[in-house]
Amino acid sequence: MSLPADCLFCRFVSGEIETELVGQSERAIAFRDINPQAPLHVLVIPREHHADVAALAASDPQGLADLVTLAQEVAFEQADGEYRLIFNSGPSAGQSVFHVHGHVLGGERLGWSPA
Ligand code: 5GP
Ligand code: ZN
């Protein structure tokens, strides 16, 4: 697991690296993915560092619930409220940033091609 000091998404949370937020709550922020895979592609992340969704669920279940709530708010504000929420967990599942983030995808009829 990356140390928070080396974590890109912790730098977004702290403001050390500026990023435009499309939503936020007390415990989480939302910003657009730099490499969008759908018309709506936003990342929702907790302000606290946790490596993946299971770590977040184990140590802060309410934080995970808040993340889901923020994902839904963003989907309603930026699209039609229908969305897919994905947590890649582990490198072979495609996780490349080890600060838990939910991909909020929507804005069109989505296909299903996880591989
Ligand atoms: P993962 O591959 O870990 O599930 O998702 C990481 C996501 O972070 C990728 O979809 C990637 O495009 C996005 N990402 C990586 N670096 C940046 C960045 O500097 N800014 C933004 N907005 N997204 C990033
Ligand atoms: Zn972090």
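Mentor: Let's start with polar contacts: a polar contact is a pair of N or O atoms within 3.5 Å; within protein, one must be able to donate a hydrogen and the other to accept it, and residues adjacent in sequence count only if both atoms are side-chain atoms. This is a predicted model, where local features need pLDDT of at least 70 and side-chain atom pairs count only at pLDDT 80 or more, while totals for chains, interfaces and linings use all residues. Side-chain values use heavy atoms, leaving out hydrogens and water.

Trainee: Which atoms of Asp 33, Gly 94 and His 103 face an oxygen atom of ligand 1?

Mentor: For Asp 33, a polar side-chain atom sits 2.5 Å from a ligand 1 oxygen. Gly 94 uses a polar backbone atom, 2.7 Å from an oxygen of ligand 1, and His 103 has a side-chain N or O atom at 2.8 Å from a ligand oxygen.

Trainee: How much of ligand 1 does the protein cover?

Mentor: Accessible areas come from the Shrake-Rupley method with a 1.4 Å probe; for residues, only the protein chains shown count as cover. Ligand 1 has 520 Å² on its own, and the protein covers 80% of that.

Trainee: And how do I read a nonpolar core, and which residues touch the most other members of the largest one?

Mentor: It's a set of buried (under 20% relative accessible area, 1.4 Å probe, protein chains only) Ala, Val, Leu, Ile, Met, Phe, Trp, Tyr and Cys residues joined through side-chain atoms within 4.5 Å. Here the largest has 16 residues, and those touching the most other members include Ala 30, Leu 40 and Val 104. Helix H3 (61-78) gives the most, six residues; helices are DSSP runs of H or I, at least four residues, numbered from the N terminus.

Key
Residues are numbered from 1 along each chain as its sequence is written. Chains are lettered from A and ligands numbered from 1 in the order in which they are written. Buried means under 20% relative accessible area, exposed over 50%, partly exposed in between (1.4 Å probe, protein chains only). Helices (H or I, at least four residues) and strands (E, at least two) are DSSP runs, numbered from the N terminus.
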